[in-house]
Amino acid sequence: MFATPKYTPTPRKLRREKTTLSSNSDSEREPVHVYCRLRPLPENNSVASCVKLLSPQEIALICETKGVKKEIRYKFKHIFTSYSSQKEVFDHVAYPLLEDLLKGKNGLLFTYGVTGSGKTYTLTGEQENPGIMPRCIDTIFNTIGEYQAPQDRLNEIRTKSRTPKSNRKANGDKISYANDGAKILLPNENTLFAVFVSYIEIYNNNVYDLLDEPNGRSFQNKILREDSQKNMYVNGVVEVEVKSAEEAFEVFNSGQRRKRMGYTVLNSESSRSHSVFNIRVVQLEQLEGKRTVPDRNLITVGRLSLVDLAGSERTNRTQNTGTRLKEASSINNSLMTLRACLEALRENQYTRGNKMAPYRDSRLTYLFKSYFEGDGSVQMIVCVNPSTDDIEENLHVMKFAEMTQDVKITKSEPRVYATPMKRTAERIQTPARNVEEIGPYIDNIIKALKHRKNKAKALDKEIKDSTDDFRRRLVETNQGCVLSKTEIRSLKQVIHKERQKAHNLEVKVRDVESTNAELMSRNDELQGQVRSLRNVVDEKDLRLNQNKLEREKTKQKIALASEKMSQELDAKLRRQREHLNAEMKAKEVQLQKVREILNTETIVEPTESVETQADTECAATQTPRSNGGHQSRRNLISSTPRHRRSRSAGEVWLEHNAVRPVPLGTVMQPTMKKRKSVSRLTKASDVTNPKQSKYCLVAQEQDADGEVETKLYKGDIVPTCGGGAQVIFNDVERLRQESPTS
Ligand SMILES: Nc1ncnc2c1ncn2[C@@H]1O[C@H](COP(=O)(O)OP(=O)(O)OP(=O)(O)O)[C@@H](O)[C@H]1O
C-alpha cells in the first residue's frame, strides 16, 4: 500500500482579517441558502403524499390531527420537485459554489433529511445519473484540464499553500460517472491548478479518515485542531492529489470501500454516520516577466466540503437499542448541536449580541465552525420523502430548515497567499544598475499587464452578466418546467387511475364473458336436453297415436263383433221366440183342449166313477196315442179317485214355496183361488189335510241367459190306503220374464 502523508497545516497569513459575526453589517453577510428536494414516491401510487407544491419557492406540508387537515407552508430558496434532474440541482446549487471555489472561496454544502429521503442520491448519485460530487469533480477537471500545474511547479504550490506532499495514488477502485462536459470560465488563463481531496467520516462523535490505512481492524480516531487563525482542520488527515476526475473517483471509491469495511467493524449502517468529502483547489497565478523580473506569484486556495449528514429521525421512531441507540443518540446530539449553533448565530444576528455557539459540543459543528464564522458560504439541501409516513419527521426537518435560512454568515473572501515579503524584498533588492537597464521594458510590461487586466475585468463582467442572465432565464424556464411537471404528474395520476379503471373493466368484461360462455354451454346442454325430451315426447305421441289407432281398430272390431253377436243373438232370440211362440201356441192348444175336457167332464160327472174304472183299465192296456202327454194327463185326471171333491166346492191348493223366494213382482199369477202357502213341510198333516186336493211346488231357477224362470210343479194329492197321502204330479208350468230391450 502507499504511504499516508499527513496534513497538519501550519499557521497561515491571510489577507483578510476574520471578523466576528455580530460585528458585520448586513451587506457583508449572506444568508445560508436552503434548498428543498422532494424525492419521488413509489410509482405504484401505494403511498400518499403529504407535500403540496405551491410555487418553485413554497411548499405546504399537509398534516392531519384528530381528523382535521392542516397546511403548514415553508419557503425555500428553490424547491426541486421529484422530476428535477441531478443536473438541475447541480446547476442551481453546486455550480455557484464551484465558481467561488475557483476564485479561492470556501464552500460548505450539506444534505439534511430523514433516512431514505435522497441525501446520498443528491450528493453522490448513480454512475449514469451522477450527483453533485461527481459533477463537481468533472466540472473542475473539465475547466482546469490544460492548466494543471506541472510536476516541477507542484512542489512550489505545496510549499506556498502548505499543502502536504502526497505520493498516494489512486489504486484500482475504478469507477466512472457520466460527464456532461460542464465547464467554468476562467478569468485568468495564467493560472496553474492542483486538486487535492480528502474524505472523512464522523461516527459516534469520532472522526475517522477514510483515506487513511486502518490500524489492523480499527480506524484511528482523528483529532480536530484549530490553527492560529482559528481555522479548523483534522489533524493528520490524508489529502490525495488527483490529476484527473477518474483519479478523484478512485480515491472516493477507496474511501467508500473503507467506509463499508468500517461498518462491519463498527457494526454500523449507511446513514448512521456523517461523511465529508473535501475538494481543495490550489491556484498559482503567474506573473512572470523576464528573467530579471521579480517572481511575484500568488497562491489562491479554495475548499469545498460536501457533507452527507446521517438520517435525522428521532430514536423513539426507530426504536433502537444497544449500539443502534448509541448511534442514534450520537447523531441526534450532533444534529441538535448543529441546530443550537445555528440558533445562537441567529440570536446574535437579531440581538447584535455575542452569544457563544456550542461548536465544541459535537465534532460535526466543531469541524465546520470556521464556515459558520465566515470562512465560506454555507448551503444546505433539505431532502424530503413526501410519504405521509414521514410527516412527523419532515415537520422537524422543515422547522430546522426554516431556522437555518434565517442565519446570515459573513461573506467570505478569496484566500490568497503571497510569496513571503522577505523573499520578495530580497528579490526586489537587485542592483540599481539592472533596474535602470530594464526600466523601459518594465513600464511597457506593466502597461501591457494593466491593459490585460482591464480586458480581463471587462470580460469577467461580461461573462458574469451573461451568466446571471442565463441563470435568470434558466430559473424562469425551470419554474415553468416545475409547473408543467406538476401538471404532468397529476395527468399521469389521472391516466394511472383511468388505466386502473380500464383494467378493472377489462377484468369485469372477462368475468362477464366467462359467465356468458358458461351460460351458453348450459344453454346448449339444456337445448340438447329439450331436443332429447322432444324426441321422447314425439315417440310417446307416435305410440299414443298407434295406441289410438289400435284402440279404434279394436273398437271397430268390438263394434263389428258386438254387431255380429247382437245379430246372432237377435237371430237366436228370434228363433227362441219363435220356438216359445210355437210352444205357447201348442200349450194354448193343450190348454184349450184341457178346458174343453174339463168342460166336458163337468157335464158327464154322474157316470164318472164307472168310466173312471174303465178308463183306468183301458189306459193301462192302451198304447199311448200320438198326442201322448196331453192324452195321458187327461187319462190321469180322469183316473182320479171318486172321492175327489167337486169343483164347485173349490180346490184347495197346498202351495209349497221356497223359504226366501226371489221377489219378481209378476203381474200374471197362477190361478189358485184357495191356497195354503207353506215354505216347509214339517209334519204329515200338512199334506194329508183332507181339505187340500192340489199340490203345487214353486221353484225358481236361473236360465242360461241369466233370467229367473219360475217353474210350478203341479199335482193332485191322493189319499192312500194307509191313511197317508200321495202327490201325483201331472203338470209343470213355466213362468219366464224377459227384458224387452234384450
Ligand atoms: N430524487 C430522486 N430520484 C430518484 N430516486 C431517488 C431520489 N432520491 C432518492 N432516491 C432513491 O431513494 C433511495 C434512498 O435514497 P438515499 O440512499 O439517497 O437516501 P438517504 O437519505 O441518503 O438515506 P440514508 O440516510 O440511509 O443514507 C435510493 O434508492 C435512491 O436511489
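Which residues point one way from β8, and which the other way? In this predicted model, G107, L109, T111 and G113 point one way from the strand, whereas L108, F110 and Y112 point the other way. Residues of both groups are buried. Strand β8 spans residues 107-113 and is mostly covered, with seven of its seven residues buried.

Strand β8 has parallel partners. It is joined to strand β17 (residues 298-308) by five bridges, and the two strands run parallel. With strand β18 (residues 377-384), β8 pairs in the parallel sense over seven bridges. F110 has a bridge partner in each of these strands: V307 in β17 and M380 in β18.

The UniProt record, an unreviewed entry, places the feature "binding site" at G113, V114, T115, G116, S117, G118, K119 and T120. G113 is also among the residues of β8. K119 is found in helix α2, which covers residues 119-123, and T120 has its place in helix α2 as well. K119 counts as buried because 27 C-beta neighbours lie inside 10 Å. T120 has 17 other C-beta atoms within 10 Å, so T120 is partly exposed. Leaving aside residues up to four places away in sequence, K119 touches T111, G113, D308, L309 and C383.

The largest nonpolar core holds 100 residues, of which I132, V197 and V382 touch the most other members. Strand β9 (residues 191-203) gives the most to this core, contributing ten residues. When residues up to four places away in sequence are not counted, V197 touches E239, V240, V242, A248, V251, F277, N278 and I279. Apart from this core lies another, of six residues, including W653, Y695, I717 and A725.

An open sheet of three strands shows the order β4-β5-β6 with antiparallel pairing. Its edge strands are β4 (51-55) and β6 (68-75), each of which pairs on one side only. From one strand to the next, the twist averages 30 degrees. Eight bridges connect strand β5 (residues 58-65) with β6 in the antiparallel sense, and E64 stands opposite K69 in β6. Helix α10 (residues 391-405) lies across β5 and β6 and runs at about 140 degrees to β5.

The protein has a mean pLDDT of 77, and 75% of its residues reach 70 or more. Where pLDDT is low, predicted coordinates should not be read in detail. For the complex, the predictor gives an ipTM of 0.97 and a pTM of 0.56.

Notes:
Residues numbered from 1 in each chain as written. Predicted model: local features only at pLDDT ≥ 70, side-chain atom pairs only at ≥ 80, totals over all residues. Core = buried A, V, L, I, M, F, W, Y, C linked by C-beta atoms within 7 Å. Buried ≥ 20, exposed ≤ 12 C-beta atoms within 10 Å, placed from the backbone. Helix = DSSP H or I, 4+ residues; strand = E, 2+ residues; numbered from the N terminus. Contact = placed C-beta atoms within 7 Å. UniProt positions renumbered as here; feature names shortened; annotations may be inferred. Pairing = 2+ DSSP bridges. Axes fitted to C-alpha atoms, helices over the stretch in contact; angles between N-to-C directions. pLDDT = per-residue confidence, 0-100.
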